[in-house]
Amino acid sequence: MKRFIALFLISALLLSCGSKSSESTQQEEVYSSKKIITAGGTITEIVFALGHGDEIIATDRTSTYPASMQSLPSIGYRNQIQAEGILSLGPDMILVEEGYLNDDVLLQLQNSGKEVHVFEKPLDKSSSISLIESVGQLFKEEGNSKKLVDDLEQDFSRLEALKTNDKRSPEVIFIMSRGPETVFLAGRETFADAIIQLAGGKKSPVDFEGIKPLTPEALAAINPEYILLFESGWKASGGKDGLKAIQGITETEAWKKDQLIAMDGHYLSGFGPRLGKAAIELFEKTHP
């Protein structure tokens with residue numbers, strides 16, 4: 001009998017230890033609210049969509065969605081951002097889009113003892129989903145991230161249906177204008193080339209990668225059916241009247257048919273949870 005009681009007590013003790021170990025593991029997996037700084041509009045949008053927007057204490061100038069993020073203290077824009085400015089705000093966690101900060105600033109942040117996470121910038125549907133899922137895992141919000149991915153998949157299903165019913169593939173180019181003297185043309189391997197093709201447009205007609213200054217003869221030579229811009233560039237140029245000063249633009253089919261399209265910069269280039277909606281909107285504007 002005594003042996004039975006001893007075995008019972010040992011078993012109970014082991015079960016108790018096991019329970020505490022399991023409880024400890026579960027506690028480690030629970031996300032605790034943090035003071036967060038984000039650098040990159042797409043990461044900011046995803047954190048907010050996952051329900052943690054109220055933890056963001058500061059962000060960068062590209063974080064324009066939702067609009068409430070613009071009222072937060074700003075850490076600046078890309079290469080202007082300094083590690084000291086971020087650390088002075090006392091964050092617990094810093095979320096950064098890959099390539100957004102210069103290497104020295106990122107190294108300073110990583111050596112500061114703060115929790116720093118760097119995420120790859122998405123440029124297609126697959127990488128958008130990966131980013132949403134990665135941020136969701138960080139915040140222990142797998143359920144909410146799945147909902148965002150499901151919504152994105154539904155948008156893409158609708159987009160594919162639209163493209164199936166209208167197989168036209170118009171020539172669309174993206175220009176970044178900061179006035180008639182400062183105009184850039186998007187080439188291949190850019191967000192612009194990616195979103196234009198997602199929306200049923202042709203691949204970029206130029207043979208360079210990235211975004212380069214627009215040459216005087218380029219627009220007339222390409223003669224696009226549509227010219228796409230950021231709304232900020234449209235306003236900075238003074239609208240259509242101001243764009244008239246760009247060499248060659250009035251000779252294009254896009255100009256003659258009044259097929260100039262201005263869309264919100266982050267909406268168009270973010271490749272976040274609203275990627276499918278942005279592609280649908282661009283499709284509808286280029287497939288009337």
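The legends below describe close-up views of a predicted model.

**View A. Helix α4 and its surroundings.** Helix α4 spans residues 103-110, and its buried residues are Val105, Leu106 and Leu109. Seen down the axis of α4, these buried residues fall within an arc of 100 degrees, so they line one face of the helix. They pack against α3 (83-87), β3 (93-97) and β4 (115-119). The face turned away from the buried side carries the exposed residues Asp103 and Asp104. At the N-terminal end, Asn102 caps α4, with a side-chain oxygen 3.1 Å from the backbone nitrogen of Asp104.

**View B. Phe174 in the largest nonpolar core.** This core has 47 residues, and Phe174 is one of those that touch the most other members, along with Leu95, Phe139, Ile195 and Leu228. Apart from this core lies another, of 18 residues, including Phe208 and Leu214.

**View C. Tyr77 and Tyr100, one of five aromatic pairs in the structure.** The pair is edge-to-face, with 6.4 Å centre to centre and 85 degrees between the planes. Tyr77 lies in the loop between β2 (56-58) and α3, and Tyr100 in the loop between β3 and α4, 23 residues apart. Tyr77 counts as partly exposed because its relative accessibility is 32%, whereas Tyr100, at 2%, counts as buried.

**View D. Phe174 and Phe191, an edge-to-face pair.** Their ring centres are 5.2 Å apart, with 75 degrees between the planes. Phe174 lies in strand β5 and Phe191 in helix α7, so the pair ties together parts that are 17 residues apart in sequence. Ring pairs link Phe174, Phe191 and Phe230 into a cluster.

**View E. The charged end of Arg274 over the ring of Tyr65.** The distance to the ring centre is 3.5 Å.

Methods: Residues are numbered from 1 along each chain as its sequence is written. This is a predicted model: local features need pLDDT of at least 70, side-chain atom pairs count only at pLDDT 80 or more; totals for chains, interfaces and linings use all residues. Side-chain values use heavy atoms; hydrogens and water are left out. Buried means under 20% relative accessible area, exposed over 50%, partly exposed in between (1.4 Å probe, protein chains only). Helices (H or I, at least four residues) and strands (E, at least two) are DSSP runs, numbered from the N terminus. The arc is that of the directions from the helix axis to the C-beta atoms. Contact means heavy atoms within 4.5 Å. A polar contact is a pair of N or O atoms within 3.5 Å; within protein, one must be able to donate a hydrogen and the other to accept it, and residues adjacent in sequence count only if both atoms are side-chain atoms. A nonpolar core is a set of buried Ala, Val, Leu, Ile, Met, Phe, Trp, Tyr and Cys residues joined through side-chain atoms within 4.5 Å. Rings of Phe, Tyr and Trp (its six-membered ring) pair if their centres lie within 6.5 Å; planes under 30 degrees apart count as stacked, over 60 as edge-to-face and the rest as tilted. A charge sits over a ring if NZ of Lys or CZ of Arg is within 6 Å of the ring centre and within 35 degrees of the ring normal.
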